[in-house]
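Please read the following briefing alongside the sequence and the model, with attention to how the parts are arranged and how they meet.

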Protein chains: 2
Amino acid sequence: MSRIPALERRRALVDAALRVVSRHGIAQATTRAIVAEAGMSLASFHYAFASRDELIDELITTVVGREQQAVLPELVPDGDLAEVIEAGLLRYFEHLRSDPEHEQAMLELTQYALRSPERHPLAVQQYARYAELAERSLERAAGLAGADWRVPAAQVARVLVAFTDGLTLTWLVDRDDDAARLVAHAAADAVSRLADVR
Amino acid sequence: MSRIPALERRRALVDAALRVVSRHGIAQATTRAIVAEAGMSLASFHYAFASRDELIDELITTVVGREQQAVLPELVPDGDLAEVIEAGLLRYFEHLRSDPEHEQAMLELTQYALRSPERHPLAVQQYARYAELAERSLERAAGLAGADWRVPAAQVARVLVAFTDGLTLTWLVDRDDDAARLVAHAAADAVSRLADVR
DNA sequence: GTCTATACACCGATAGAC
DNA sequence: GTCTATCGGTGTATAGAC
């Protein structure tokens with residue numbers, strides 16, 4: 001068989017790599033650990049990927065797209081703008097609580113990418129995706145609540161991404177649900193004030 | 001000489017380790033790289049520390065205390081509460097801009113600590129210190145601006161720490177100064193609304 | 001106490017049998 | 001195409017000369 005098995009193999013290895021990074025961190029995600037998780041031999045790895053770095057690159061890029069649905073999903077059309085945004089943030093928070101290791105893995109992959117000039121663009125692209133997704137949600141939220149952004153929505157989106165990151169990181173450290181919900185509430189309030197009610 | 005040289009050696013190694021982590025990331029902070037940075041031999045390392053992990057633990061704890069001054073310094077007594085807080089956040093942001101690698105190193109050390117049960121408490125302690133420091137600043141800020149916190153100041157402090165982290169992480173990725181300043185402004189606005197003016 | 005030399009485990013990557 | 005066996009390199013840690 002020519003190419004499709006190789007692609008499936010790559011996919012299986014990327015999935016296995018994500019599981020290993022989630023469970024044990026990127027430092028422990030050696031090629032050996034990854035092929036063990038995927039139930040393959042070491043040589044099969046290098047048949048599918050030229051190097052470990054190549055797999056990590058693919059892991060970073062593919063994993064971002066996969067998570068797009070969960071991070072900022074459909075907004076509930078009840079309430080004013082702040083409430084709509086807060087509901088979105090709380091929904092993300094529940095996603096974080098249900099799979100903390102996954103978000104921890106995402107943070108580690110980001111910081112890993114920041115450490116090499118060749119991979120830094122991957123992190124930039126990753127955050128651009130986040131911001132793009134947040135922007136669309138914010139525009140829908142403003143539409144639902146009958147408001148208009150005073151600041152460009154793209155910039156508001158960056159603020160929202162920053163708040164989400166801060167919530168994630170601090171919660172991963174202290175696991176304080178109340179504090180996280182307070183962050184969500186305060187962040188939603190702050191972001192909503194960047195819009196005018198029509 | 002008996003003990004003081006050993007302590008000085010430990011200090012020199014911790015300093016060297018921080019420089020290596022800042023420049024190249026924790027993954028590259030091998031014992032070899034650290035002793036090279038400190039100008040020592042490999043054996044000298046294990047005379048001062050039982051293991052690499054022991055040094056990393058000491059690095060995490062000592063480095064937190066050192067940075068306390070810079071993170072949230074004296075507040076300027078002009079303006080209302082939001083302005084006072086924003087000035088503090090912007091001051092932190094200038095600190096971040098002046099030495100990005102140091103803050104990146106702090107984030108990496110935190111995430112490193114999160115990955116092992118024995119070290120997780122170090123991260124908790126680290127963030128407790130941050131929160132404690134932020135709490136004192138917030139109380140002084142409320143005093144200056146003539147306001148009272150509706151929510152316990154300790155909880156407000158956690159929100160502020162989360163916002164600071166989010167600002168740090170997103171700026172390290174995109175290096176967008178305007179976006180970071182917008183985050184600072186929005187965060188200061190949000191946090192200030194958790195207080196009542198007297 | 002401080003060095004050089006080295007033990008031993010594990011890393012990424014590859015050769016070569018099948 | 002897929003495996004086992006292995007290479008060359010580097011990691012942490014230590015032994016032993018000085």
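From the N terminus on, the elements of chain A follow the order α-α-α-α-α-α-α-β-α-α-β, which amounts to nine helices and two strands, where helices (H or I, at least four residues) and strands (E, at least two) are DSSP runs numbered from the N terminus. This is a predicted model, in which local features need pLDDT of at least 70 and side-chain atom pairs count only at pLDDT 80 or more, whereas totals for chains, interfaces and linings use all residues. Residues are numbered from 1 along each chain as its sequence is written, chains are lettered from A and ligands numbered from 1 in the order in which they are written, and side-chain values use heavy atoms, with hydrogens and water left out. Taken along the principal axes, the C-alpha atoms of chain A fill a box of roughly 60 × 35 × 30 Å.

**Domains of chain A**

- Chain A is divided into domain 1 (1-50) and domain 2 (59-197), with bounds that come from an automatic or database domain assignment.
- The centres of domain 1 and domain 2 of chain A, taken over C-alpha atoms, are separated by 29 Å, and their contact (heavy atoms within 4.5 Å) takes nine residues from domain 1 and ten residues from domain 2.
- The two domains of chain A bury about 870 Å² between them, 69% of it on carbon and sulfur atoms; buried area is the accessible area (1.4 Å probe) that two parts lose on being put together, summed over both.
- Of the area that domain 1 of chain A buries against domain 2 of chain A, A:L18, A:S22 and A:I26 supply 56%, more than any other three residues.
- Across this domain interface of chain A the rule finds one salt bridge, defined as a side-chain nitrogen of Lys or Arg within 4 Å of a carboxyl oxygen of Asp or Glu.
- The side chains of A:D15 and A:R66 meet in a salt bridge, at 3.1 Å from N to O.

**Symmetry of the two chains**

- Chain A can be laid on chain B with an RMSD of 0.1 Å by a turn of 180° and a shift of 0.0 Å along the axis, which is the relation of a two-fold axis; the superposition is by least squares on the C-alpha atoms of residues with pLDDT of at least 70 in both copies.
- In chain A, the C-alpha nearest the axis belongs to A:G166, 1.9 Å from it.
- Because 100% of the interface residues of chain A are also interface residues in chain B, the copies meet through the same surface.

**Interface of chain A and chain B**

- In this interface, 43 residues of chain A are in contact with 43 residues of chain B.
- Chain A and chain B bury about 3600 Å² between them, 66% of it on carbon and sulfur atoms, and in chain A the residues A:Q111, A:R115 and A:V173 lose the most area to chain B, together 21% of what that side buries.
- The count between chain A and chain B is six salt bridges, and the side chains of B:D174 and A:R158 meet in a salt bridge at 3.1 Å, N to O.
- Several elements give two or more residues to the side of chain A that touches chain B, among them helix 1 (4-24) and helix 7 (120-145), while the largest share, 14 residues, comes from helix 8 of chain A.
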